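Visitor: I'd like a walk through this one, please, with the cut-offs behind each word you use.
Guide: Happy to do that; here it is.

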Amino acid sequence: MSETPATTKSSLQQVREQIVALLPRMRRFGRAITRHPSDADDLVQIAIERALLRYEQWRPEAPFHSWMFGIMRNAWIDEARARSRQGKVLAPEEAGLEIADNASEAQLRMLSVQKAMTTLPEEQRLAVALVLVEGLSYKEAAEALEVPIGTLTSRLARGREALQKQLE
Amino acid sequence: MQFSDEILMAYADDEVDADLRRQIEAAMALDPSLAARIAKHRGLRADVGAAFNGVLDEPIPDRLLDAATSKTAPVTDLNAARVAKQRAAHPRRWSWVEWTSIAASLVIGILAGRTALQPSHSDLFATNASGVVARGELAAALTDQVGAPKDAQVRIGLTFRATSGEYCRTFATASAAGFACRETNAWQVRALSEGAAGSKSGDYRMAATELPPAILAAVEQAMAGEALDQEQERAARARDWTK
């Protein structure tokens, strides 16, 4: 460790600090894209470890959150592939739907939005989560997903349409 | 003027340029249904945001803060500590998470602790710009060994292709196990666990089962398709393990 040059040490430190600052949003993004809420923090943890392995790939001129959300997206896709290779079928979301009798209108709305999100195809859910949940610009979201902007907007539009239909 | 739903969506997201914005706003003044469509987009945006914003107020789990901030410990300690900690604190439905994070930690340990490699391994491992590479008998075994070795210091287990195409092989020595992949001029060690004892079992195919779970899991993660059989291994060796 003593041989690590000071410059890379400081950029690793910088990445660590950026991760800590972004943690609440990483957890929120994780919650929005995983079908099972309990998976969200596991995904965040893996993304942190991957980011620290590749911290040198982050360029300070690029938005940190786009880079980090991109790592989360890749980790999530890897998991989806691993699960399908193992023949595990993802069950539709069932947790989180015990609705209290005294749930407010707003709480009911939140639950139905969360449930509707779980029904979107992966690509659309990622686009919706980045833009509508995380507030990324189209450009930033397209970078995080490694797709052209036109692809991002069409996934976003289809995702929104599907959500709207379910929530009406 | 007609506007596609995608344009109205972009307007609602504040993603149109000034010209288009003026055109849309002029049209909205004449056509209330346009304004209603845009309001719908904005309403959905607000609803979706609200559905997940509560997460921001939750306390951050310690394990995530630890993952982001903790300094890298020596490989074996880190591995042991993490496994123990995760088993105790976070029994989970997937094994994926545990092993991926363990595998990642191992590699972090290797990369950050270049000088911390055991002296007893300096004849098997060397470092280069991108991490740890095999040398000496380990490099020789990775390049040449096909079939069961006799009294070899290094035992090769499975050979497989990584998702990125290169050939990778698992190995076990008396005190370390892991896997390495063939890159341009070297066998790059992708995962390494120290303190793993190779078994004396004669069946080299069984070598896979000597690997620590974290390494096996890292292999599973890296592997594209099935492991090679001996004939395929010979063919790959004949091509000098090029992709």
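Visitor: What makes G159(A) buried?
Guide: G159(A) has 25 other C-beta atoms within 10 Å. A residue is buried if 20 or more other C-beta atoms lie within 10 Å of its own, exposed if 12 or fewer, and partly exposed in between, with C-beta atoms placed from the backbone. So G159(A) counts as buried.

Visitor: Before we go on, what sort of model is this?
Guide: This is a predicted model, where local features need pLDDT of at least 70 and side-chain atom pairs count only at pLDDT 80 or more, while totals for chains, interfaces and linings use all residues. Residues are numbered from 1 along each chain as its sequence is written, and chains are lettered from A and ligands numbered from 1 in the order in which they are written.

Visitor: Which residues does G159(A) touch?
Guide: Skipping residues up to four places away in sequence, G159(A) touches L120(A), Q124(A), R125(A), A127(A) and V128(A). Contact here means C-beta atoms, placed from the backbone, within 7 Å.

Visitor: Where does G159(A) sit, and what is the pattern of chain A?
Guide: G159(A) is in helix α7 of chain A, and chain A reads α-α-α-α-α-α-α along the sequence. That comes to seven helices and zero strands. Helices (H or I, at least four residues) and strands (E, at least two) are DSSP runs, numbered from the N terminus. Buried residues make up 41% of the 168 residues in chain A.

Visitor: Why is α7(A) called roughly perpendicular to α1(B)?
Guide: The axes of α7(A) (residues 149–167) and α1(B) (residues 5–12) come within 10 Å and cross at roughly 95 degrees. Axes are lines fitted to C-alpha atoms, for helices over the stretch in contact, with angles from 0 to 180 degrees between N-to-C directions. Angles under 35 degrees count as roughly parallel, over 145 as roughly antiparallel, 65 to 115 as roughly perpendicular and the rest as oblique. So α7(A) is roughly perpendicular to α1(B). In that contact, T153(A), A157(A) and R160(A) meet D5(B), E6(B), M9(B) and A10(B).

Visitor: What makes β3(B) and β4(B) a pair?
Guide: Two strands pair if DSSP finds at least two bridges between them. β3(B) (residues 155–162) and β4(B) (residues 167–172) have five bridges, in the antiparallel sense, so by that rule they pair. R155(B) stands opposite A172(B) in β4(B). Their hairpin has four residues between the strands, and G165(B) there takes a positive phi near 105 degrees.

Visitor: Which strand else is joined to β3(B), and how covered is β3(B)?
Guide: Two bridges join β3(B) to β7(B) (residues 223–224), running antiparallel. A162(B) has M223(B) as its bridge partner in β7(B). β3(B) is mostly covered, with seven of its eight residues buried.

Note on methods. Two residues are in contact if their C-beta atoms, placed from the backbone, lie within 7 Å.
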